[in-house]
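Me: I have a model open and would like to talk through how it is put together. Could you take me through the strands, the helices and a few residues?

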Amino acid sequence: MDAHRQPEKTPDGHFVVVNGRKWRAADPSLPEEVAGRLRHHLMAARRAVRSATTAGVPEAERSARARVNRAKIASGERGTPWWEQSEEQRRRRWERGLARLDADAPE
C-alpha cells in the first residue's frame, strides 16, 4: 500500500482493508486534533515496544503494549465498537483514554 493513500474501507466504514485483511477503523467522529494526538501516542508506544523487545526488558515491553492497547481503545479500534456507542459514550471514551495516555507518557 502506498504510504500516502488512504486504505480501502468496507462499505459500512467500520473496517479498513489492508493486504486483504480487515482491521477495525478508527472512530470517524474523532476531532482531527484528538486523532493526531492519539496517533502520536500510538506510534510512540509502538516504538517503545520495539525498544523494550530488542533490549529484552519484559516489564517495559508489557508497559508499552498496554499503552498501545489504551491508544487503540481510545481511537475506537478496540473495545466496544464505536458504531454501537452513543455520541456521549464515544466522546467519553477518547477523552478518558487521551487523559490517561497523556498522564502515562514518558517524560
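**Strands, helices and selected residues**

Reply: The strands form an open sheet of 3 in the order β1-β2-β3, with antiparallel pairing; two strands pair if DSSP finds at least two bridges between them. Its edge strands, each pairing on one side only, are β1 (8–9) and β3 (21–24). Helices (H or I, at least four residues) and strands (E, at least two) are DSSP runs, numbered from the N terminus.

Me: Before we go on, what kind of model is this, and what counts in it?

Reply: This is a predicted model, in which local features need pLDDT of at least 70 and side-chain atom pairs count only at pLDDT 80 or more, while totals for chains, interfaces and linings use all residues. Residues are numbered from 1 along each chain as its sequence is written, and side-chain values use heavy atoms, with hydrogens and water left out.

Me: Back to the sheet: over how many bridges do β2 and β3 pair?

Reply: Strand β2 (residues 15–18) and β3 pair in the antiparallel sense over 4 bridges, and within that pairing Val16 has Trp23 of β3 as its bridge partner.

Me: And what about Asn19, is it buried or exposed?

Reply: Asn19, found in the loop between β2 and β3, is exposed because its relative accessible area is 77%; buried means under 20% relative accessible area, exposed over 50%, and partly exposed in between (1.4 Å probe, protein chains only). Asn19 also has a positive phi of about 50°, although it is not a glycine.

Me: Where does Asp27 lie, and which side chain does its own side chain make a polar contact with?

Reply: Asp27 lies in the loop between β3 and α1 (32–55), and it counts as buried because its relative accessible area is 3%. The side chain of Asp27 makes a polar contact with the side chain of Arg93 at 2.8 Å, a polar contact being a pair of N or O atoms within 3.5 Å, where within protein one must be able to donate a hydrogen and the other to accept it, and residues adjacent in sequence count only if both atoms are side-chain atoms. Setting aside neighbours within four places in sequence, Asp27 is in contact with Ser75, Trp82, Arg90 and Arg93, where contact means heavy atoms within 4.5 Å.

Me: Helices next: at what angle do α1 and α2 pack?

Reply: Helix α1 packs against helix α2 (residues 58–75) at an angle of about 160°, with their axes 8 Å apart; axes are lines fitted to C-alpha atoms, for helices over the stretch in contact, and angles run from 0 to 180 degrees between N-to-C directions. The two helices α1 and α2 are therefore roughly antiparallel to each other, since angles under 35 degrees count as roughly parallel, over 145 as roughly antiparallel, 65 to 115 as roughly perpendicular and the rest as oblique. Residues making the contact include Leu42 and Ala45 of α1, and Val68, Ala71 and Lys72 of α2.

Me: What does Leu42 contact, and what does Lys72 contact?

Reply: Beyond neighbours within four places in sequence, Leu42 is in contact with Val68, Ala71 and Lys72, and Lys72 with Leu42, Arg46, Glu77 and Arg78. Leu42 counts as buried because its relative accessibility is 10%, and Lys72 counts as buried at 12%.

Me: Last one: how are α1 and α3 set to each other?

Reply: Helices α1 and α3 (residues 87–104) pack at an angle of about 45°, with their axes 11 Å apart, and are therefore oblique to each other. The contact is made by Val34, Arg37, Leu38 and His41 of α1 and Trp94, Leu98, Leu101 and Asp102 of α3.
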